[in-house]
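Thanks for coming, everyone. Please have the view open.

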Amino acid sequence: MSKNRNSRRSFIANTAATTGLIAASSFAPTRFAIGATSKIKVGILLPYSGTYAMLGNSITNAMKMRIEQAGGRMGGRLVEYVALDSEMSVPKAPQNTNKLIKKEKVNFLVGPVHSGIAAAMAKIMGQRKSPIMIVPNAGSNAVTGPLCAPNIFRTSFSNWQPAFPGGVLMGKEGHKTCVTISWKYGAGIQMMDAGRNGFMTKGGKSIKDILLPFPNVEFQAHLSEIAALKPDCVFAFFSGGGAIKFLKDYEAAGLKNKIPLYGPGFLTEGIEKAAGSAAEGIKTTLHYASNLDNPENHKFRTNYKTAFNTDPNVFSVQGYDTGSLLLQASAAVGGDVESVVDVIEAMETSRVPDSPRGPWSMSKAHNPIQNIYLRQVEGGQQKFLGVAAKDLADPAAGCKMT
Amino acid sequence: MDFATFLIQILNGVQYGFTLFLVASGLTLIFGIMGIINLAHGAFYMVGAYLSFWLFGITESLWIAILIGLPIMIVFGYAIERLAISLLYKRDHLYQVLLSYGLILVLNEMQKILWGSDFNSVPVPDALSISIPMGNQEYPVYRLFVSLVCMVIASSMYIIISKTRLGMMIRAGATHREMTQALGINISRIFAIVFSLGAALAGFSGMIDAPLSSVYPGMGDYILIISFVVIVIGGIGSVKGAFVGAMLVGLADTFGKILLPEFSSMVIYALMALILLWRPQGLFGRPT
């Protein structure tokens, strides 16, 4: 049946002989008799160059792998990808977004990695009813807060989610004072605030908040400052190359064994080997741990390693779950992704049970309600220690949909 | 801030200044002597860092990696000078800027093809991977060692440029190009030597910095910007100026972070603006 519906040209060519086809198409609802013959277009706006190229590739690879596993079809229709390099440029974001929406006329828009680009995209999406945007990484609280909209979903995390339990953890481990340190940009400030607030719920107090210009990695002056302030612990958010350098400098300054270091999982994620002994023993909180013991995670890790010859990370998990969400919602509407309202309803009620991070569901603000795990770096691996916060939902402050 | 912390912060500033000097001196040397604006200098720094990462993987020793890496950088600089830069000596600065910007793109793409887009690191050599207690903290010996190496390089540069025959030819070529040629000195060979040395300096800074800064795509971009700040403050073309500029920027950046955290990203640029208002040619620049 679907084979016959695939092309209108073959329909015309075969009209005389195909009584079966006429019978088949009469079962299908009339409104998607035409739509279903075309491919579903998925637009992708992610970084493929520069410092965050690794993130863009991890997300894209895992998402395509997930859809390939389902036969390369969503709700019975073939999928076509249109990928643009975001170049991590906020000024270029509106132009790129409009290109995908207006010129390419995509059904779904997957992106971005960067919180600043996410805000720019969300502003455009909020004024439209379609397409549907799925954020596979950028954690900006605003995207599922003040900027939340029916057609914006997120499969990753809000900056608040991995950071808040990290602060709570510091209090639970008996610390009273801390210094927080991060880069002065959207994600850095939001994670720092969430960590400090988490710490305060356990009676802790931050004696100094240090913000460095992004992406400055000259930490030495601040490490001397921390050594002089002598807090009980330090809460840090950096990622990628900056995180490696911070961890190494922290160890070399002799602070690692004196003042324990905590942070959201990005502090150690994906750099365990590169940071070596400097990352060893550091406890962080995140919505994924590589050795989570569930069948979906084992399957996912084996498949990913076979396909791409490298170990997956939290970003690939987010890409994989983006694929799952697209598949689920498209199947729920029988491939009729043009009826956006129905797709949105399907996504809102969807629960992603086969996620490598464990099952999660959508909050009213369209952000995952998910477990946050406590992990510790051991022998260059993220070791899962336990659940730091079960089914944690973002407070979604400022979102009108809650 | 107690006195001990204050002294440590001065050490931090000076130490940062030394690493900046190593990169900036090559940049200023190439401009001062050849009149070439080499935007790819930061990319050379990155190439050096990746070379040390790659060679470390094979030889498992940073020292051997540097010993093999340095000649590679010199040959690399020489090849770029002969195949690209030398064609543009008579052209306007704009052509040189465009060419060296193109080199950044090519080198970044090559880096991605050869080494991928992951973050890598090179461990600090065992003999130096200790820290000595200092005030409230410990100070990594490798950082002190890097400062020492920079001091040695700074003084040998001074000696080469002001005391040797090669230095004399370089200085003569920089100020009176035609006259020097008329005396039978092969200027284009001098230029090739200077450019190779400059590239080797940038590469060497990348190699020796690799254990401290880790090795990642685009690592040369920030260092290029800050190197320009350093040489503009010191006076473009002056090695002495690059040294003083690097120290000023290192100290201003360190104390800016501690004393004016809200404005820390602006402090070095404000310093540059003030110095340029006072001396538009930079501290040791020749007035035009």
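Chain A has 14 helices and 15 strands. Those are DSSP runs, numbered from the N terminus: H or I of at least four residues for helices, E of at least two for strands. The radius of gyration, taken over C-alpha atoms, is 23 Å for chain A, close to the 21 Å from the globule rule for 402 residues, so the chain is as compact as a globular protein of that length. That rule is 2.2 Å times the number of residues to the power 0.38.

A word on the source. This is a predicted model: local features need pLDDT of at least 70, side-chain atom pairs count only at pLDDT 80 or more, and totals for chains, interfaces and linings use all residues. Residues are numbered from 1 along each chain as its sequence is written, with chains lettered from A and ligands numbered from 1 in the order in which they are written.

Confidence next. pLDDT is the predictor's confidence in each residue, from 0 to 100. Chain A has a mean of 89, and 91% of its residues reach 70 or more. Residues 1-36 of chain A stay under 50. Where pLDDT is low, the predicted coordinates should not be read in detail.

Now the sheet. Look at strand β14 of chain A, residues 368-378. Of its 11 residues, 8 are buried, meaning 20 or more other C-beta atoms within 10 Å of a residue's own, with C-beta atoms placed from the backbone. Which strands does β14(A) pair with? Pairing needs at least two DSSP bridges. β11(A) pairs with β14(A) antiparallel over 4 bridges, and A:T284 stands opposite A:R375. β13(A) is also antiparallel to β14(A), over 2 bridges. β15(A) joins β14(A) antiparallel through 8 bridges. In the hairpin of β14(A) and β15(A), 2 residues lie between the strands, and A:G379 in the turn has a positive phi of about 60°.

On to helix α7(A). Its 13 residues, 160-172, should span 18 Å at 1.5 Å a residue, and the end C-alpha atoms are 18 Å apart, which agrees. The expected span is 1.5 Å times one less than the number of residues. In α7(A), 11 of 13 residues are buried, including A:W160, A:F164 and A:M170. Just after α7(A), A:G174 takes a positive phi of about 90°.

Last, the chain contact. It takes 30 residues from chain B and 30 residues from chain A; residues are in contact if their C-beta atoms, placed from the backbone, lie within 7 Å. Questions, please.

Methods: Two residues are in contact if their C-beta atoms, placed from the backbone, lie within 7 Å. A residue is buried if 20 or more other C-beta atoms lie within 10 Å of its own, exposed if 12 or fewer, and partly exposed in between; C-beta atoms are placed from the backbone.
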